[in-house]
Structures are given as structure tokens and as C-alpha cells.
Amino acid sequence: MALYIFRRLAFFLGALVASSVAIFLLIRAAGGNVAAIVLGRDASPDAIDALATEYGLDRPLAVQYLDWIGGMLSGDLGRSFRTNESVTDLVTSRLEVSIPLALMGLTLGLLIAIPAGIFAARNAGRPSGAFVGLLSQVGIAVPVFWAGILLSLLFGVHLGWLPTGGWTPWSVDPVQALRSLVLPVLSLGTILGAVMTRYVRSAVLDVMNQDYVRTARASGMTASQALLQVGLRNAALPIVTVIGLQMAELIGGTVIIEMVFSLPGLARMILANVAAREVIVVQSTVMLIIVFVIFVNFLIDMAYALLDPRTRRGR
Amino acid sequence: MRWLNASLLVGLVLTLAAISVALLSLVWLPYHPNIPNIPERMLPPGAPGHPLGTDTLGRDIVAQLMVGARTSMLVGAGGATISLTLGTLLGLWAAATGRMTDEAISRLADIMLSIPGMVTALVLAATLGSGMWTTILALSAFFTPSFIRVSRSAALAVLQEDFVTAARLYGRGRLFVLARHVLPNIAGVLIVQFTLYFAAGILTEAGLSYLGVGMSRPGISWGLMLNEAQNTVGVSSPLALWPGLAIVVVVLGLNLLGDGLRDVLDPKLARRAA
């Protein structure tokens with residue numbers, strides 16, 4: 001158990017270092033002279049030098065990297081070139097949109113995928129199972145932003161039931177805030193649900209063919225009892241894995257859905273700063289997201305140890 | 001022998017249709033897809049000469065969809081091909097050599113897999129500028145680790161086989177064994193993977209272009225068309241319909257093709273999934 005946790009922890013830290021170096025190099029090395037880009041083509045060389053000195057951009061890359069990481073570790077994510085706002089403030093104000101959207105989207109996705117996947121597996125080879133499979137195939141092919149556009153056309157423009165975009169902060173009107181999230185969550189959750197249904201189906205199918213389920217059946221359990229009491233705990237492992245794999249998909253989906261419904265979340269902030277060449281803001285925000293994803297995957301590895309005693313004895 | 005299943009047939013038809021449209025767009029288009037024609041703007045579907053209507057600038061929708069098909073095919077196939085090549089080379093290398101290399105390549109793949117692709121693409125677009133090549137590069141970066149994983153584990157299984165041991169005992173070198181015995185035996189798995197990532201590439205490209213960090217005019221992409229349509233959605237919903245339908249049809253086609261091919265090329269897996 002200790003060895004397993006140690007190995008996963010080492011991977012967690014290694015992944016953080018590797019991805020931070022990659023992001024830093026991508027932005028700094030591929031981006032060229034940051035100060036010149038920020039100030040634009042007409043800037044005088046003196047102004048460029050002044051900005052570079054002010055933000056320490058004239059120091060060696062390694063020093064800048066260590067400075068950045070040191071700042072991140074002590075909670076200082078840097079400041080915007082243009083407005084001098086701290087990235088921490090910029091990010092926290094956006095989280096009240098992005099986190100509920102992503103969490104509710106994932107929850108809805110699981111609420112769809114787990115029953116649908118189990119149903120499709122239990123009815124494999126029958127028309128009803130094939131139908132769920134087909135629905136999931138079609139859902140996988142639908143771009144999440146198109147689902148968003150269609151839903152906002154139907155419920156927003158034609159029926160006028162729900163807002164098609166915009167945001168009211170939770171502190172102003174929680175009900176309105178929730179209403180603004182209904183269509184975004186619906187689009188994100190349905191598409192994620194379609195994608196995850198396939199994984200749940202094959203995980204359950206795998207388990208249903210195992211000897212221990214047959215033994216449970218032979219000892220008098222009904223098919224449902226055997227599946228729910230014996231099988232699901234075993235199917236839980238691959239399903240938990242899927243959640244980890246879907247993290248990247250979830251974040252990509254959240255990014256794009258925020259744009260469809262003009263929600264002032266993290267994604268719009270990143271995009272606006274990408275357009276404005278605010279390298280420090282982009283670099284720190286992207287790194288935060290990556291830290292989050294890697295951390296979730298680390299938690300999932302820990303969940304493995306709890307769900308599957310075999311894992312604890314090493315791989 | 002049930003080699004022709006429904007998935008394969010439908011997938012093949014849809015994919016070939018998409019490829020044909022993309023090829024046709026190279027030699028023939030009903031109208032210029034980019035030149036505005038204001039007198040004929042916002043024509044509804046079924047208008048004379050414009051079966052699917054025109055957009056806010058009077059540009060023909062069919063012509064734009066055709067060029068969009070070409071973009072999707074190029075970007076999807078480009079991203080999938082580069083990651084197939086790189087991923088297979090690295091995967092085979094990891095499988096064939098000793099512990100250290102294998103460990104290094106596998107962990108690298110794990111790390112790359114845990115970085116959200118959409119966000120990385122935004123960063124790439126910020127530093128390299130948006131466009132077709134950046135998009136292909138971004139797709140290759142997200143997809144390569146999956147190809148590493150798949151080719152590595154498939155190759156490891158083949159390397160256990162008796163015929164590989166026989167070839168080694170016969171004195172064949174490592175490269176010969178990989179090229180002659182391993183690669184042909186994992187080709188099926190790789191072809192399936194290629195098809196599925198081709199589809200994923202089309203979806204991702206559409207998303208990036210929708211966000212404004214993929215293709216931009218004069219380039220045309222279905223995602224870009226949806227981006228433009230959303231600004232006029234209240235006025236004309238058909239504009240938001242066609243490009244989305246095109247994406248669904250092509251991606252569904254490729255995914256069905258991939259599933260169908262899996263059943264044919266990899267009977268062991270197919271039996272488990274059926």
C-alpha cells in the first residue's frame with residue numbers, strides 16, 4: 001500500500017514538473033519576445049526594454065521559470081501586463097461559473113451514462129440494447145457546442161423558456177444564476193453522458209461474463225442481484241478510470257460551452273487573454289487547470305487502492 | 001464469414017461520401033465560397049440556385065460546406081497520420097527495448113494524456129498563431145500518447161508469441177522482428193485507432209475553429225461556419241443546422257467504420273464487446 005501511494009505520488013509530482021516546464025517553454029520559447037508582443041508593432045525599443053525589465057523578462061529563462069514556480073507555490077500567480085490585476089483575483093472571480101458548470105455537467109453525464117450503460121449491457125444483442133448503443137454513437141458524434149446552439153435555439157429563441165446567454169452572479173440572484181446554467185449543463189451533460197455510456201456498457205459487459213458473477217447466479221441470486229451486489233463493485237474500477245479520462249474532455253467541453261452561452265467563466269478569460277497576448281495570465285491559468293486535472297487523476301489512483309485491494313500490493 | 005457488418009457498411013458509405021465531396025471541392029464548386037454577394041444574402045433553403053440558401057453575406061452554403069469537408073478531412077487525416085506514425089514508432093521502441101526506455105516513454109505518454117487538449121490548443125494558438133498547421137500540430141500532440149499506449153501494449157502481446165521467439169532463435173535482429181512480425185500483427189488495432197482519432201480530430205478542429213483559434217477566413221471550416229451562424233441565429237436557424245449536421249454525419253461515419261473494422265480485424269476484441 002505504502003509503495004503504491006509512493007509511486008503514484010512520485011508520478012504526480014513528476015507530471016507537475018514536466019507539464020509546467022512544457023507550458024513555460026511553449027509560451028516563452030515559441031512566443032518570441034514577450035514584451036514586444038504585448039506592446040505591439042509600433043512600440044519603441046526603449047518601451048519594450050522597460051517592460052521587459054519591469055516584469056523580469058530579460059532574465060535567463062531558467063531563472064524566470066523558477067521565479068514563476070516559486071510564485072505559484074506561494075500563491076502568487078503573477079499580474080496582468082495591461083491592467084496589473086493579479087491572476088489570482090482574475091481566476092477566483094471566474095470560478096463561480098466554471099466550477100458549478102463542470103461539476104453539474106459531469107454529474108448529469110454520470111446520471112445518464114451509468115443507467116444507460118448498464119441497460120445497454122444487460123440488453124446486449126436485443127433491439128433495445130442496440131438502440132441505446134446507437135443513441136450513444138450519435139451523441140458521441142455531436143459536437144458539444146452544436147448541442148448547445150441547438151438547445152439555445154429551441155428553449156431560448158423559439159420557446160423563450162430559458163436565457164440563451166449571459167450571467168447573473170450567485171450573490172445577486174441565485175435562481176437566475178441557476179437558470180443561466182440549465183442549458184449549458186444540459187448540453188455538456190448529455191454529450192458527456194453519451195461518451196461515457198460506451199465505457200460503462202463495456203465495463204459492465206466484462207463483469208457480467210466473469211466467473212464470480214456466474215457463481216453468484218448459481219448460488220441463487222437473480223441476474224439483477226448478482227450484477228448489483230457482486231458485479232458493480234468490480235465494474236466500478238473501469239468506471240472510475242473513465243471519469244479520470246473524461247476530465248480533459250470535461251474541461252474542453254466546459255471551455256467551449258462557456259463560449260456558446262457567453263458565460264463569464266475561466267475559458268472566456270483565457271481566450272480573451274490569449275487574444276491580448278497576456279502570456280503570464282495564460283501561462284498561470286493554464287497551469288492551474290493542469291494541476292487540477294493531474295490532481296484529480298491522483299485522487300482516482302488513490303480511489304483505486306480503496307476499491308481494489310489488489311492494487312495496494314503494488315502493480 | 002461475417003466480414004461485412006452493418007457498422008462497417010454504413011460507416012464506409014458515409015466516409016467515402018465525405019471524401020468524395022472533399023475531392024470534388026478541389027475541382028468544382030457551385031459558387032465562390034468567400035466572395036460576398038449582398039443582393040442574394042440570407043436566402044432560405046430551397047432558393048433557386050442555392051439549395052441550402054446563403055449566409056449573411058450572400059455566400060452559398062453548399063459551396064462553403066464542400067470546402068469545409070476538405071478542411072475537416074485534411075486536418076483530421078493530418079493529425080491522425082502524424083500521431084499514428086510518431087506514436088507507433090515510440091510505442092514499438094518502448095515495447096522492444098528494456099525497462100528504462102519503456103518506463104520513460106510510458107510515463108511521458110501518461111503525463112501528456114493528463115494535460116487537457118483543448119487548453120493546450122489555446123496556448124499553441126496564442127504562441128504560434130491560429131491556422132490549419134497549428135491545428136494539425138495540436139491534434140498530433142494530443143493524439144500521439146494514445147497511439148503510444150495502444151501500439152506498445154499490442155506489440156508487447158505479439159512479442160510474447162512463439163513465432164517471435166522462433167524468429168529470434170533463427171538469428172533475426174530486433175528491427176527485422178519489429179518490421180516483419182510485430183507491425184503486421186498490430187496493424188489492425190492501429191487502423192481502428194486511426195479511424196477513431198480521425199473522427200476525434202474533426203470534432204476537435206470544429207471546436208477550435210468555433211472558438212476562433214482554428215481556421216479563419218479565407219479558410220473555411222464547419223466550426224467556423226457555426227461560429228458565424230451563431231451571430232445570426234435569431235434570424236436564421238438553418239445556418240446553424242447544416243454545418244452541425246455535416247459534422248455529425250462524418251464523425252458518425254468514421255466512428256462506425258472504426259467499430260466495423262474492429263469487428264473484422266480484431267475478432268478477439270469484438271467477441272468481448274458483442
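In chain B, the UniProt record, an unreviewed entry, lists "transmembrane region" at residues 6-31, 74-95, 115-143, 182-203 and 239-258. Bear in mind that what you are looking at is a predicted model. I checked two of those spans against the coordinates. Residues 74-95 of chain B are 100% helix and 0% strand, with the end C-alpha atoms 31 Å apart. Residues 182-203 of chain B are likewise 100% helix and 0% strand, and there the end C-alpha atoms are 31 Å apart.

What does the rest of chain B consist of? The secondary structure of chain B comes to ten helices and zero strands. Along the sequence the pattern reads α-α-α-α-α-α-α-α-α-α. The C-alpha atoms of chain B fill a box of roughly 75 × 50 × 30 Å along the principal axes.

There is one detail in a loop of chain B to point out. The peptide bond between B:R217 and B:P218 is cis, with omega at about 5 degrees. B:P218 sits in the loop between helix 7 and helix 8 of chain B.

Now chain A. Chain A has 13 helices and zero strands, and its C-alpha trace spans about 85 × 60 × 35 Å along the principal axes. For chain A, too, UniProt has an unreviewed entry, which places "transmembrane region" at residues 97-119, 131-161, 181-200, 235-261 and 281-307. Again I looked at two spans. Residues 181-200 of chain A are 100% helix and 0% strand, and the end C-alpha atoms lie 26 Å apart. Residues 235-261 of chain A are 96% helix and 0% strand, with 36 Å between the end C-alpha atoms.

The unreviewed UniProt entry also lists a domain, "ABC transmembrane type-1", at residues 95-300 of chain A. Over that stretch chain A is 83% helix and 0% strand, and the end C-alpha atoms are 23 Å apart.

Chain A has a loop detail as well. A:S262 has a positive phi of about 35 degrees, although this residue is not a glycine. Where is A:S262? The residue is in the loop between helix 10 (223-260) and helix 11 (266-275) of chain A.

Next, the aromatic side chains. Over all chains, the whole structure has 13 aromatic pairs. One of them is A:F12 with A:F295, a tilted pair at 6.0 Å centre to centre and 55 degrees between the planes. This pair links distant parts of the chain: A:F12 belongs to helix 1 (residues 2-31) and A:F295 to helix 12 (residues 279-307) of chain A, 283 residues apart.

That leaves the contact between the two chains. How many residues take part from each chain? The contact takes 46 residues from chain A and 43 from chain B. The area buried between chain B and chain A is about 3800 Å², and carbon and sulfur atoms give 75% of that.

On the polar side, four residue pairs are in polar contact between chain B and chain A, counting pairs with both residues at pLDDT 80 or more. Several helices of chain B each supply at least two residues to the side that touches chain A: helix 3 (99-113), helix 4 (117-128), helix 7 (174-211), helix 8 (222-230), helix 9 (238-265) and helix 10 (267-273). Which of them gives the most? Helix 9 of chain B does, with twelve residues. By residue type, the side of chain B that touches chain A divides into 27 nonpolar, ten polar and six charged.

Last, the salt bridges. Side chains of opposite charge can pair when their charged atoms come close. The structure holds eleven salt bridges over all chains, and the count between chain B and chain A is two. In one salt bridge, the side chains of A:R7 and B:E103 meet at 3.8 Å, N to O. In another, the side chains of A:R198 and B:D259 meet at 3.3 Å, N to O. A:R198 lies in helix 8 (residues 174-208) of chain A and B:D259 in helix 9 of chain B, so this pair joins two chains. Helix 9 is also the helix of chain B that gives the most residues to the side touching chain A.

That is what I have. I will take questions now.

Terms used
Residues numbered from 1 in each chain as written. Chains lettered and ligands numbered in written order. Predicted model: local features only at pLDDT ≥ 70, side-chain atom pairs only at ≥ 80, totals over all residues. Heavy atoms only, no water. Contact = heavy atoms within 4.5 Å. Buried area = accessible area lost by both parts, 1.4 Å probe. Salt bridge = Lys/Arg side-chain N within 4 Å of Asp/Glu carboxyl O. Polar contact = N/O pair within 3.5 Å; in protein donor to acceptor, adjacent residues only side chain to side chain. Helix = DSSP H or I, 4+ residues; strand = E, 2+ residues; numbered from the N terminus. Nonpolar A, V, L, I, M, F, W, Y, C, P; charged D, E, K, R; others polar. UniProt positions renumbered as here; feature names shortened; annotations may be inferred. Phe/Tyr/Trp six-rings, centres within 6.5 Å; stacked < 30°, edge-to-face > 60°.
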